[in-house]
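Colleague: I have this one open next to me and would like to go through a few spots with you. Could you put it up and start wherever you like?

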Amino acid sequence: MSALLDQFVEEAGDLLEGAGAALLILERNPTDERAINDLFRSVHTLKGTSALFEFPALTKLVHAGEDLLDCVREGILPVTGELVDLQLEMLDLLRNWIDAVRANGDLPGDAAGFSRDLIARLAASKAGAGASIALLSATSAHLPAVACDWLGTLAENDRVTAFRAALEDGLTIIGIAYEPDKDCYFRAEDPLLTCRGVPELLALSIQTVGPDPALADFDPYACRLSFHALSTAPRAELEHLFRYVSDQVRIDEIRPEHLALPAGSPKVDPACSTFAEACPALVEQGQFAEVRERALTLLASIDAGGRSASALRWLAALIETGTDKADWMMRLVSAVGGARLDWSAAATDLGPAAVPTSELVDRIVAEQRGILALPAGDAALFAGRIASVGRTLANVAAAHRATGAVQQIEAATASALEAADPGPLVAALAVYFGACAEQSSAGPNAGAADAAAVKVEPVNPRDARQSRVLKVDQAKVDRLMALIGELVVAKNALPFLARRAEAVHGSREMSREIGQRYSVIDRLAQAMQEAIMEVRLLPVSEVFARFPRLIRDISRKLDKQIELVLEGGETQADKNIIELLGDPLIHIVRNSADHGIELPQVRMANGKPAHGTIRLRAMQEGDLVIIEVTDDGRGVDTARVIAKALERGLIDPEAAERMTPAEAANLIFHPGLSTADAVSDLSGRGVGMDVVQTSIRDAGGSVAVSSQPGIGTTVRLALPLSMAVMRVMTIETAGALYGVPIDLIAETVRVDAGAIRTIKQSEAFLLRDTIVPLVRLRRLLRLPGRFEDREAVLVLRLPDGLVGMIVDRFDEHMDIILKPLEGILVGLKGFAGTALLGDGRVLMVLAVKELL
Amino acid sequence: MPLEFRDDEVRLVGTCGADEALELSDWLSNPGVPKVDLAACTNLHPALLQTLLAFKPAIAVEPTDPFLVRWILPLLAPAAGVTRSSE
């Protein structure tokens, strides 16, 4: 991957994140100018930079997204839930693609299809706002499909099969028009093989394009075939099949009636004319069977190659599907009589001028009504609005081939502009779109008014000041840190050297000088270490950023109203810690949303506000970063937790009786305990909180829960600010040095051999009225045993309580940079890693829990 | 070999790819009444198909591959019909 592409991937990730956050702000507060501008700028920048690379699917998609956002920014389009959904979907898709680019240097194979689909929907959404001319025609997926002109090339029998599949089995017919370009054979494409792969293939026609060349000039390698096919397979599957040639193929939904294309010699038999005159009455009376009988009789007596015969066959086929589409039958009947059949002219039958309604038209028209109802305000703005509304309505009319309406609307727009009064256009709208549901204008109307209230200053994206931030690959920072770590170690060798200078070479002066140099280097090394730690610091907001979306999705899914409050996002911690926080926090927040926050009606019944609150709070306490997740839900049902724990044999009844509510609440961290009534989609599979605890503990942190029934639950995570430097106490045993993480050590004591009691094979001693079990490190490490009069005991605080560990000798405290075990040592149990000491010795750091 | 030439007849065997198209069109350009045997053809590259469509040789033996029978033979069928009626 080129450096440029690298940079693009990094930048795109940030832009998408920014856009996502802005979008969620916008959803809560549609008038937030800053959010609109941030969102627009992010998407705009992404579009710009993506154009540097060969990712047409991505660039086109972002472009469509930007178009839509532009309407929002201009106040033409209100921020609706659907709009946010659509944009979020786009951001998700883009994020996946960027991940794919990061991994493979290219978009996934199916990108083009997804892109096209989403672009159509974005465009449709935009057309709903009524701003663009060209895009309306691009929304074929939502408008009644226009008849594809190639359908006639398919064999009639095949079309009938597809027609029946659509009407009898309710299948969706997908049309594929695949016109490979001339050079496709040179790219090793085999269009016929691709067509062979079309699932549920119902019809296929292969045509030679262009005039037949003289055989002498025939070039077998210039593709001159075009392929058209029908299938009932899911559209996505077909898009996937044709993903590599998406620029040469069009995949469209086909309306079944468009398949009924009577073809053949136009000569009309007199018997057919009689049929065409007699049958409409029968159709009107619903005597379809009779019509079919007559059609079949007539069919037997006329030229089967004629157009009339074809129409009769279609008529019979239509009636045989058991449909009641009298309108279609009428058309076919008149086609038998020689009338031209044009399905796309369907609209004109419904009335002389009015444009037919559909959900989309309804929505578009309602929007336009809303815009026209806005106060006039600034003259230039007003004129822009009128022109835009006029254009939109004309487009809608044109899309439905209501030519008269188009002209009238254009005229009305002109006079509205002239008079600076929306009156004429409002009137035209009433005439041609009168059938569109009035009531639906209320909602979008209000939305439009809202949107109009936002006076958005046009933003020049170039205004975004370039911050002086350097983007550096994390690996480089890690390497720098490792080097500094080694420098610290190397520096620690100097005091040894100083001692040697004096002891071996007898030069006290030399020793002192080395000592002085050492203190300078020491100071610098420490400063460097702090500086590099700072580079690795990230704000907690990096983790918090994903929660607004999560909460939004969860609350939609569960029908709960949840407000998320984020506090202390600026608190910083080491990158590793921040990254490690993500999954546990998601677990906790999901649990809160799923089990904690009650349904709105339950909350109301309990005298709480309908919407629950989940609060994420980060803060720094000493060298710990604390994250609290608080909800105001029902709290942990300690009685049920205890009951469950008893039922599963996790605790014994005596322990259950002694348990304080706080202890009981913390049982939820026990593996295999879930308090959910039903296993829901979100959490409550019985694995969850114990995973949280394990991963937090592995990072040297702790987690605790406190809860008050009916009031809420707080989960508190405490993690070290940085994992890079570890504080250990060194101990000596059998001549070797070992390190024990200092946060595990409760205290160090010396115990008289006589005070050690042996219970069966286990040893223990009494520490201030508590029996503390004893282990011997020598025994744990399979080293020869040694007994002394006064044993040095390290009292460790472990999850199951205190444990005393007998070692040979305590040594000093030390800050070390822990290196994980490498190579063949990886599998070694009982050791967390190693660290190099100043004198070149290796310190093995014990993983005490594993050892016991 | 996907193409097997015999006097005035060519047999297309197995997967016939684009590489064979030039050979086929050269052969079909020869004077005479060429005939084609598609019985053992399992995949016909469009480069070959358009060559057959352009030179319109008689189909001596129809294909057996269902896809070719269903969708491709009708395109070549007029020729096949002639052959059959002359037999």
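**Loops, helices and a sheet**

Modeller: Asp559(A) is found in the loop between H23 and S6 of chain A, where helices (H or I, at least four residues) and strands (E, at least two) are DSSP runs numbered from the N terminus. This is a predicted model, in which local features need pLDDT of at least 70 and side-chain atom pairs count only at pLDDT 80 or more, while totals for chains, interfaces and linings use all residues. Residues are numbered from 1 along each chain as its sequence is written, chains are lettered from A and ligands numbered from 1 in the order in which they are written, and side-chain values use heavy atoms, with hydrogens and water left out.

Colleague: What is phi of Asp559(A) near?

Modeller: Phi of Asp559(A) is near 60°, a positive value in a residue other than glycine. Most residues other than glycine have a negative phi.

Colleague: And is Asp559(A) buried or exposed?

Modeller: Asp559(A) is exposed, with a relative accessible area of 59%; buried means under 20% relative accessible area, exposed over 50%, and partly exposed in between (1.4 Å probe, protein chains only).

Colleague: Where does Asp769(A) lie?

Modeller: Asp769(A) lies in the loop between strand S16 (762-767) and strand S17 (770-776) of chain A. Its phi is near 70°, also a positive value in a residue other than glycine, and at 76% relative accessibility Asp769(A) counts as exposed.

Colleague: Switching to chain B, which residues does Asp65(B) touch?

Modeller: Leaving aside residues up to four places away in sequence, Asp65(B) touches Arg196(A), Cys41(B) and Thr42(B), contact meaning heavy atoms within 4.5 Å. Asp65(B) is buried, with a relative accessible area of 14%, and is found in the loop between strand S6 (58-61) and helix H3 (66-86) of chain B.

Colleague: Back to chain A, what is the strand order in the open sheet of five strands?

Modeller: The order is S6-S8-S9-S11-S10 (chain A), with mixed pairing; two strands pair if DSSP finds at least two bridges between them. Strand S6 (562-567) and strand S10 (702-708) of chain A stand at the edges with a single partner strand each, so one side of each is left without a neighbour in the sheet.

Colleague: How many bridges join S8 and S9 of chain A?

Modeller: Strand S8 (residues 612-621) and strand S9 (residues 624-631) of chain A pair in the antiparallel sense over eight bridges, and Leu616(A) stands opposite Val629(A) in S9(A).
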